[in-house]
Amino acid sequence: MTDPDLHKNDPENPAQASDPVVSKPYIMPDDPETGSAEALAKEAADARDKMLRTLAEMENLRKRTAREVADARMYGITGFARDVLDIADNLQRALDAVPAETRANADAGLKSLIEGVELTERSLLNTLEKNGVKKFDPTGEKFDPNFQQAMYEVPDSSVPSGTVVQVVQAGFMIGERILRPALVGVSKGGAKAAPAPSNDQSNSAA
């Protein structure tokens, strides 16, 4: 008499053993089945989004690099230009030291010397301007502490108070930045500059 359980557990008869049942993984409704058209479309959209983000980042990097290169080219000579301004100041002082009467009655040798100094000063200023450094003279303008440094006040009632009436030392710009502020004398005692009319005043006047 044979035991039926022996055949079920007999390793020599694998066909007798029952195969394990593997259940199919559950797929969420919003998660498309792998290999389907919806899944491929989603992967393509994700890839396109990543590509656009990468392109935008590269463009921003390109613009930032170009801006930094331009700034380095423009402002890289700031220290050198500031040192050269001492030479321009000395040339101007040499010209200012010659009185107008002496210049008018000067002999040929002195006139040639004065003309040579003037030519050197103009050449230096032209070279600075070619490299983005420009001289400015704020005489007659309203005092602006961003571009000028007040050295003293000048009593003058003929111009509005706070007007630049004297320039002790000219100022210089490099690109859009101040390289050296102008040293100035500012008027005192005149009428204050009229403030710009507000919108309410202009509307009521209308």
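What follows is a quick chat through this model.

Q: Before anything else, what am I looking at, and how are residues numbered?
A: It's a predicted model, where local features need pLDDT of at least 70, side-chain atom pairs count only at pLDDT 80 or more, and totals for chains, interfaces and linings use all residues. Residues are numbered from 1 along each chain as its sequence is written, and side-chain values use heavy atoms, with hydrogens and water left out.

Q: OK, how many helices and strands in the chain?
A: The chain comes to 6 helices and 6 strands. Those are DSSP runs numbered from the N terminus, with helices being H or I of at least four residues and strands being E of at least two.

Q: And in what order do the elements run?
A: From the N terminus on, the order is α-α-α-α-α-β-β-β-β-β-β-α.

Q: What share of the chain is buried?
A: Buried residues make up 20% of the 206 residues. Buried means under 20% relative accessible area, exposed means over 50%, and partly exposed is in between, using a 1.4 Å probe and protein chains only.

Q: What about contacts between residues 24 or more positions apart?
A: They account for 64% of the contacts with a separation of 6 or more. A contact here means heavy atoms within 4.5 Å.

Q: Switching to packing. Which residues touch the most other members in the largest nonpolar core?
A: That core has 15 residues, and L85, L124, L128, V133, F172, I174 and L179 touch the most other members. At least two residues each come from α3 (78-96), α5 (108-130) and β4 (171-174), and α3 gives the largest share, 6 residues. For the term itself, a nonpolar core is a set of buried Ala, Val, Leu, Ile, Met, Phe, Trp, Tyr and Cys residues joined through side-chain atoms within 4.5 Å.

Q: What does V133 touch?
A: Leaving out residues up to four places away in sequence, V133 touches A81, L128, F172, M173, I174 and L179. There's another core apart from the largest one, with 6 residues, including F136, M173, A182 and V186.

Q: Which residues of α5 are buried, and what do they pack against?
A: The buried ones are I114, V117, E121, L124 and L128. They pack against α3, α4 (100-104), β1 (133-136) and β4. After α5 comes G132, with a positive phi near 90°.

Q: Now the strands. Is β6 covered or open?
A: Strand β6 (residues 182-188) is mostly covered, with 6 of its 7 residues buried.

Q: How does β6 pair up?
A: With β2, β6 pairs in the parallel sense over 7 bridges, and E153 has V186 in β6 as its bridge partner. β3 and β6 run antiparallel, joined by 4 bridges, with Q169 opposite L183 in β6. To count as paired, two strands need at least two bridges found by DSSP.

Q: And β4, where does that go?
A: β4 pairs with β5 (residues 177-180) in the antiparallel sense over 3 bridges, and F172 stands opposite R180 in β5. The two strands form a hairpin with 2 residues between them, and G175 in the turn has a positive phi of about 65°.

Q: What about V159?
A: V159 is in the loop between β2 (148-155) and β3 (164-169). At 23% relative accessibility, V159 counts as partly exposed.

Q: Last topic: which charged end sits over a ring?
A: The charged end of R177 sits over the ring of Y75, 3.7 Å from its centre. The cut-offs are NZ of Lys or CZ of Arg within 6 Å of the ring centre and within 35 degrees of the ring normal.
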